[in-house]
Amino acid sequence: MTSLLYAPDHIRGITIKQPWAAAILHGGKRVENRPRPWGPGWRLLHAGAAIDRAALRDPLVARTVRGRELPTRAILGIVRITGSHTDTGEPCSPWAQSERVHLDLDDVHPLALPVPCDGQLGPWRVPLDVYESVLLQLPAHLQRLLEAVS
């Protein structure tokens with residue numbers, strides 16, 4: 001039995017249910033609601049196995065993902081977490097949920113083709129073959145950026 005090889009430790013996966021993943025990639029959702037903060041850095045955005053059907057009834061979500069496929073169990077893009085915060089007054093975004101930590105997202109880049117992959121909760125180590133398949137779809141400047149961070 002061969003051991004599983006992983007991508008460099010500076011790049012982790014973040015699993016997000018659909019349609020939230022599509023809203024990040026295609027709709028300007030730049031906060032991710034979590035129970036606790038995450039460190040900054042690049043993440044491979046992974047759509048989990050389940051679709052949050054109740055979220056599809058939210059008008060903001062429905063407008064954002066209308067006409068889009070909602071692939072699951074796949075890496076769909078990359079994002080950079082730039083920080084995290086909680087709101088003490090007005091929400092920072094229409095996407096922000098109260099009493100949650102908001103991960104600030106930037107540099108969102110969807111992939112042309114989903115890369116099939118199982119995910120996990122929390123920041124998870126990405127198998128090397130998945131990471132390499134993602135890099136093949138990224139523009140050259142992003143490949144250099146991802147390789148430089150360590």
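Helices (H or I, at least four residues) and strands (E, at least two) are DSSP runs, numbered from the N terminus. With that in hand, let's start the tour.

This is a predicted model, in which local features need pLDDT of at least 70 and side-chain atom pairs count only at pLDDT 80 or more, while totals for chains, interfaces and linings use all residues. Residues are numbered from 1 along each chain as its sequence is written, and side-chain values use heavy atoms, with hydrogens and water left out.

**The whole chain**

Read from the N terminus, their order is β-α-β-β-α-β-β-β-α-α. The C-alpha trace spans about 50 × 30 × 30 Å along its principal axes.

**The β4–β5 loop**

Next, select serine 93, which lies in the loop between β4 and β5. Serine 93 is buried, with a relative accessible area of 15% (buried means under 20%, exposed over 50%, partly exposed in between, using a 1.4 Å probe and protein chains only). A polar atom of the serine 93 side chain lies 3.0 Å from the backbone nitrogen of tryptophan 95.

**The aromatic pair**

Now show the side chains of tryptophan 95 and tryptophan 20. How many aromatic pairs does the structure hold? There is one. Its ring centres, those of tryptophan 20 and tryptophan 95, are 6.3 Å apart and the planes meet at 85 degrees, so the pair is edge-to-face. For Phe, Tyr and Trp (its six-membered ring), rings pair if their centres lie within 6.5 Å; planes under 30 degrees apart count as stacked, over 60 as edge-to-face and the rest as tilted. The pair links distant parts of the chain, 75 residues apart: tryptophan 20 is in helix α1 (residues 20–26) and tryptophan 95 in the loop between β4 (74–85) and β5 (101–116). Tryptophan 20 is buried at 19% relative accessible area, and tryptophan 95 is buried at 8%.

**The nonpolar cores**

Select Ile16, Ile24, Leu45 and Leu103 together: of the 25 residues in the largest nonpolar core, these touch the most other members. Such a core is a set of buried Ala, Val, Leu, Ile, Met, Phe, Trp, Tyr and Cys residues joined through side-chain atoms within 4.5 Å. Helix α1 gives the most to this core, with six residues. Finally, look for a second, separate core of 17 residues, including Ile78, Cys117, Trp124 and Leu142.

Note on methods: A polar contact is a pair of N or O atoms within 3.5 Å; within protein, one must be able to donate a hydrogen and the other to accept it, and residues adjacent in sequence count only if both atoms are side-chain atoms.
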